[in-house]
Structures are given as structure tokens and as C-alpha cells.
Amino acid sequence: MAKFDKDSFGGTLAVVVAVSLLCSVIVAGAAVGLKPAQNEKKLLDKQRNILGAAGLLSDGLDVPKVYAERVEPRIVDLATGEYVEGMKDFDARAAAKDPQHSIKIKPEEDSAGIQTRAKYAEVYLIKDDSGKTGQIVLPMHGSGLWSVMYGFVAVRPDGNTINGLTYYEQGETAGLGGEIANPLWQKHFAGKKLYNDQGGVAIRIGKGASSDKEHGVDGLSGATMTTKGVQGSFHYWFGQNGFGPYLAKIKAGE
């Protein structure tokens, strides 16, 4: 048997290939090993932001415990506003990419700039101390200047009054559009009405919008496109193609 010569071209190549394969195995193993921890962190972040939108987040809070006690996730058929039973592990982002579980949005109706959306959405019923639903947290996303902006909007049981807002994932310009994640700006949404007396989406975000005390929030200075993205997101998700049918049932006490 010929002696292995690591200094030859063939030997050097064999060593490089072997080291590369070993590194690939190590990296793949590490990725698989870290997956559970990453998923756990992702779930915790989601729970924290849902509680934050509902105004239940505080320093030192046991997030998983409070979430388990106070939050009831439900799946809603956006076309009908009805709850869907028996659906588990729903992933709206994955569903939006699946033609069987999504719809294409007509360009003239796509104020959120998202092109497609899942047929269903996961909503979160927030229980008060008596066990009754005190507010509902709804997911919302739409395109800004540089990114898709993901947030949660908490709505009171009247199906009209905003209780809180959080943006938890976005890539807008730091110090400008990125201020959508600033609690000091988000707090201006609390108490604003989503709809007018005729049932049309009336929430307004933009320059000087706060002059409408009932429906308006001033936009972010120097972030016109991001502000338009937030406005478009609200207009789509709380209209008839979004949570409009569901919130109509909530208003009716169904």
C-alpha cells in the first residue's frame, strides 16, 4: 500500500477536504443543538411583545407564567371573522408564502405593501382578573422605507379603541423611521379610535394628524415613508380585507 504523502498536491487536497467536512459537521451539529434554545428565545420575545402591547409588561415579570395565565391564542378566518377550531402551530409568515393558505392582494387594495397574506391570523385574547376578555391583541405588518415592519395592536372590547401598540421587528433608519419601536411614540396610540361612526377606518398617522384628538397620531419627524407605511398597515389590517369582519363581530358582542 502506498504511503500517504500529506505534502503532495493530492495529500494537501485530501487534508483540506477532510478538514472542511469536519468543520461542516461541527457547524451543522451546533446549529441543530442551538435550535431549541433559539426557538425558546423567539417564543419568549413573542410573548413579551404581546404582553407589552397589552400594557402588562413590567420589570422582573415572569413572562411565560403571566402569558399562560392571561393570554388565550385563537385562530381567525379573516374572510369571515369567525374562529377556526383545531388548528395548531399556525405560522402566518409561512402560510403567506403557500398558495393554498394565502391570498394575493389586489394592488389597489394593498395599502400595506405586502402583496400576499395568510387566509388566517392568530389573535390573542387578554383576560382580566375576573377571567373575561379585557382586550384583544392583533398582529399587523406592512412595508416601510427599508423593511417590513411587524407589530402588535391591542384593541379594547369595544372593537374600536386602541389600548397599545408595539413594533417588535423592523429595519427602518435608526433615529428616524426606527423610532416606531420607541415606547414614547407608541404611547400616543392608546385611546385612539380605529373607526368613525360610519364604520370606516379613521385612524390617521401623519404630520399634524394629532389635531384629530379622536383618531390622529403625529407621524415621525424625518421619516415620511415609514410613517406612510404605518398608516398603510393600519388601513389594510383594520379594513374589510383584514380584521374588519372580526372586529365587527366583537363590536356586536358575538
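Colleague: What do the side chains of Lys127 and Glu72 form?

Modeller: They meet in a salt bridge, at 3.1 Å from N to O; the term requires a side-chain nitrogen of Lys or Arg within 4 Å of a carboxyl oxygen of Asp or Glu. The pair links distant parts of the chain, with Lys127 in strand E5 and Glu72 in strand E1, 55 residues apart. Strands (E, at least two residues) and helices (H or I, at least four) are DSSP runs, numbered from the N terminus. Please note that this is a predicted model, in which local features need pLDDT of at least 70 and side-chain atom pairs count only at pLDDT 80 or more, while totals for chains, interfaces and linings use all residues. Residues are numbered from 1 along each chain as its sequence is written, and side-chain values use heavy atoms, with hydrogens and water left out.

Colleague: Is Lys127 buried or exposed?

Modeller: Lys127 is buried, with a relative accessible area of 18%. Buried means under 20%, exposed over 50%, and partly exposed in between (1.4 Å probe, protein chains only). Glu72 is partly exposed, at 28%.

Colleague: And which residue does Arg74 pair with?

Modeller: Arg74 forms a salt bridge with Glu85, and the closest N and O atoms are 2.8 Å apart. Arg74 is in strand E1, and Glu85 is in the loop between E2 and helix H3 (92-96). Arg74 is buried, with a relative accessible area of 19%, whereas Glu85 is exposed at 59%.

Colleague: How many salt bridges are there in the whole structure?

Modeller: The search finds 11. Another of them joins Lys193 and Asp158, at 3.9 Å from N to O. Lys193 lies in the loop between helix H4 (183-186) and strand E9 (204-206) and Asp158 in the loop between E7 and E8, so this pair ties together parts 35 residues apart in sequence.

Colleague: Changing topic, which residues of H6 are buried?

Modeller: They are Gly244, Pro245, Tyr246, Leu247, Lys249 and Ile250, which makes six of the eight residues in H6. Their cover includes strand E1 (71-77), strand E2 (82-84), E5, E6, E7 and H5.

Colleague: What is Leu247 in contact with?

Modeller: Leaving aside neighbours within four places in sequence, Leu247 is in contact (heavy atoms within 4.5 Å) with Leu138, Val155, Gly159, Leu194, Tyr195 and Phe238.

Colleague: Finally, what follows H6?

Modeller: Gly253 follows H6, and its phi is positive, near 80 degrees.
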